[in-house]
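Please read them with the coordinates open.

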Amino acid sequence: MYIKNIMLENFRNYDDQNIELINGINLFVGDNAQGKTNIIESVYLSAFGKSYRAIKDIEVINFEKEYCRITLNYNKLDINKKIEVFIDNFNKKIIKQDEVKINKISEHVGEMLIVIFSPDSLDIVKGSPAKRRNFIDMICSQISKSYYINLQEYMKCLKLKNSMFKNGNIDREYITVLHEKMSEYIFNIVNFRKKIVSKLLEKAKVIQNELTNNLETINLIYISDFINLEKNEIKKILDQYLEIEMMRKMSLKGIQRDDIEIYINEMDVAKFGSQGQNRTALLTLKLANFELLKEENNDEPILLLDDIMSELDSNRIRFLLNYIKKYQSIITTTDDSFANHAENIIIYQVKNGEISLK
Ligand SMILES: Nc1ncnc2c1ncn2[C@@H]1O[C@H](COP(=O)(O)OP(=O)(O)OP(=O)(O)O)[C@@H](O)[C@H]1O
Ligand SMILES: [Mg+2]
């Protein structure tokens, strides 16, 4: 798939801006604080119905305006389509696909296939397990709607359970009912995560070998208390831990504790990786993510690369540019000197919420 144009109305520091994109590399160059990441954010928001960097939806509305609107015209498997996101100061949010209002975000996630790579993505390698779970969940959700729904429903149950622990009003019977439901969701989520991590690893191994001239081998190990368990066995574990959870006033067992360990040549990268190794592992994982989404959905995702070129050395930049030239990418940078090596590229200048051809 590829986006044909993005229309931003009162979005962040944009007034009324139309951005025409090519099905290739779309490079946005500009100084700091000009509106480059805002473009990436608008695409992400259109795909997931939520920004990754705003706590409240209304933050994305221009300070001086009452509402904002993002309109994306895109081509998916040779069909022209449109997504519109409208947000106003009264917290109203309307998402439309081809003029039809979306009632549940689960109907929408997966419509647009996105791979996002920003300096924050390094947390996937270095940060807490939550970052790695989120990375895997994003992939799983763009491949399977039912995965996304299972995850949402599980999180609702977990929230209910935790709120009971917190306010001390514990209804054991109700928790048993919750455990029944949660074990079903856990079963589905763990099996899907396991499948996706193994497929991701297959792709990652090939890319890591290419990137490092066969010097480094990557490995991913999915860690969970529930791998290869049946639903009744999962429920048993949840029930068994209830006493101790009540004492500690928090949930101790569940898929919110899963992790994906990343190894390079059998060394845990999070603990021992050099900065360069972390970055290489991340680049590998993001490209493997791209390959997997493409294969599972039979369609090419859109790559959003926010300010990452300065993080990569010239070899990796060359590898990346060669890799992405066949697909659509939106890249932001303060320094576009690497663009000399690129084919199939359009370069825009971003200045104070205005975009012009460079
Ligand atoms: N709701 C808003 N209304 C108006 N302006 C906003 C709003 N939110 C953010 N901005 C402005 O948008 C600009 C930041 O945009 P953005 O994050 O896209 O910058 P950038 O070009 O990516 O910069 P950098 O190179 O530092 O990452 C800032 O000037 C900020 O004040
Ligand atoms: Mg930025």
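1. Helices (H or I, at least four residues) and strands (E, at least two) are DSSP runs, numbered from the N terminus. With that, H5 is followed by Gly168, whose phi is positive, near 75°.

2. This is a predicted model, in which local features need pLDDT of at least 70, side-chain atom pairs count only at pLDDT 80 or more, and totals for chains, interfaces and linings use all residues. Residues are numbered from 1 along each chain as its sequence is written, while chains are lettered from A and ligands numbered from 1 in the order in which they are written.

3. Domains. The protein is divided into domain 1 (1–113 + 299–358) and domain 2 (123–298), with bounds that come from an automatic or database domain assignment. The C-alpha centres of the two domains lie 28 Å apart. Across the boundary, 14 residues of domain 1 are in contact (C-beta atoms, placed from the backbone, within 7 Å) with 16 residues of domain 2. On the domain 1 side, helix H11 (residues 314–324) gives the most, with four residues. By class, that side of domain 1 has eight nonpolar, two polar and four charged residues. Here Ala, Val, Leu, Ile, Met, Phe, Trp, Tyr, Cys and Pro count as nonpolar, Asp, Glu, Lys and Arg as charged, and the others, Gly among them, as polar.

4. Ligand 1. The ligand is surrounded by 18 residues, where a residue is near a molecule if its C-beta atom, placed from the backbone, lies within 6 Å of it. Asn13, Asn32, Lys36, Thr37 and Asn38 are the closest. Helix H1 (residues 36–48) gives the most to this shell, with three residues. The shell divides into 10 polar, four nonpolar and four charged residues.

5. Helix H4. The 15 residues of H4 should span 21 Å at 1.5 Å a residue, and the end C-alpha atoms are 21 Å apart, which agrees; the expected span is 1.5 Å times one less than the number of residues. A residue is buried if 20 or more other C-beta atoms lie within 10 Å of its own, exposed if 12 or fewer, and partly exposed in between, with C-beta atoms placed from the backbone. The buried residues of H4 include Arg132, Ile136, Asp137 and Cys140. Among the elements that cover the buried residues of H4 are helix H3 (123–126), helix H6 (172–211) and helix H10 (275–297).

6. Phe135. Helix H4, where Phe135 lies, runs over residues 129–143. Phe135 and Leu285 are 150 residues apart in sequence, yet their C-alpha atoms are 9.6 Å apart in space.

7. Helix H5. With 23 residues, H5 reaches 33 Å from its first C-alpha to its last, close to the 33 Å expected at 1.5 Å a residue. Its buried residues are Tyr147, Tyr148, Asn150, Leu151, Tyr154, Cys157 and Lys161. Their cover includes helix H2 (105–108), H4 and H6.

8. Strands S5 and S6 pair in the antiparallel sense over five bridges; two strands pair if DSSP finds at least two bridges between them. Phe86 stands opposite Ile94 in S6. The S5-S6 hairpin has four residues between its strands, and Asn91 in the turn has a positive phi of about 70°. Asn91 is exposed because 9 other C-beta atoms lie within 10 Å. S6 is also joined to strand S7 (residues 100–101) by two bridges, running antiparallel. Gln97 stands opposite Val100 in S7. Two residues separate S6 and S7 in their hairpin, where Asp98 in the turn has a positive phi of about 45°.

9. Hairpin S14-S15. Strand S14 (residues 345–351) and strand S15 (residues 354–357) run antiparallel and are joined by four bridges. Val350 has Ile355 as its bridge partner in S15. This hairpin has two residues between its strands, and Asn352 in the turn has a positive phi of about 50°.

10. Asn298. This residue lies in the loop between H10 and strand S12 (302–306). Phi of Asn298 is positive, near 55°, in a residue other than glycine. Asn298 is exposed, with 7 other C-beta atoms within 10 Å.

Conventions:
Contact = placed C-beta atoms within 7 Å.
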